[in-house]
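I'm opening my notebook to look up a few things in this structure. Here is the thing itself, then my entries.

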Amino acid sequence: MPSTGPKGQVGTEWRDELKSIIVTAGVIIEQGKVLVAQRKEGSPHELLWEFPGGKVMEGEEPREALRRELKEELDIDAEVGMIFEAVFHPYPEHPVLLLIYLCRIEKGTPKCLGCHDLRWVNLIDLEKLAMPPADNPVRKRLCSSKGFIEAL
C-alpha cells in the first residue's frame, strides 16, 4: 500500500512541499561588536536584521557556500571557522536549517552589495534589533556571557 503524506497525498510528492532549505550565516566579531546585515526591501523578512550569509546550493559544502555568500553580499574574503550553532525553524513557506559559523574577515571591508544596510553592533544593540525567528537562538547565545566568550 502506498504511503500517504499531508492532505492524504500518495507517494513522495508531498515531500517537495516540506523540503528544508539549508542556510549558512556567519558570526563576525571585531572589537567587541557583531556584524549584522539588513535584508533588502521586497525580500522575505524584508528589512529585518540578520547574521550575514545565504542559501546553500545543491551539492555545495556549507562552509564554501558561506564564503561565497560573504563575497557576493559583502565583498569580503572570510575564514569560516567552527560551527557556533545550528537552528531548525519551520517557517510557513518552507522549513529552514540555519548553520551558523564563527568567521573572521581575511580581506576587505564589508560593503552593502546584497543587503539594505550593515552595522557593527554591541550586545545591547543586538538584543534590540528586529531579526527573523531563526536568528533568535543565535542572538540569545551570543548575548549570554558564555556564548559571547566562545565566539571571540
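First, a term: buried means under 20% relative accessible area, exposed means over 50%, and partly exposed is in between (1.4 Å probe, protein chains only). I'm working with a predicted model, where local features need pLDDT of at least 70, side-chain atom pairs count only at pLDDT 80 or more, and totals for chains, interfaces and linings use all residues. Residues are numbered from 1 along each chain as its sequence is written, and side-chain values use heavy atoms, with hydrogens and water left out.

Entry: salt bridges. I counted a side-chain nitrogen of Lys or Arg within 4 Å of a carboxyl oxygen of Asp or Glu. The whole structure gave me 12 of them. Arg68 pairs with Glu69, with 3.1 Å between the closest N and O atoms. I checked both: Arg68 and Glu69 are buried.

Entry: Arg141. Its salt bridge is with Glu85, at 3.7 Å between the closest N and O atoms. Glu85 is in strand 5 and Arg141 in helix 4, so this pair ties together parts 56 residues apart in sequence. (Helices, H or I with at least four residues, and strands, E with at least two, are DSSP runs numbered from the N terminus.) Arg141 is partly exposed at 26% relative accessibility. Arg141 also lies over the face of Phe84, 4.1 Å from the ring centre; the rule is CZ of Arg or NZ of Lys within 6 Å of the ring centre and within 35 degrees of the ring normal.

Entry: Met82. I found Met82 in strand 5 (residues 77-90), exposed at 58% relative accessible area.
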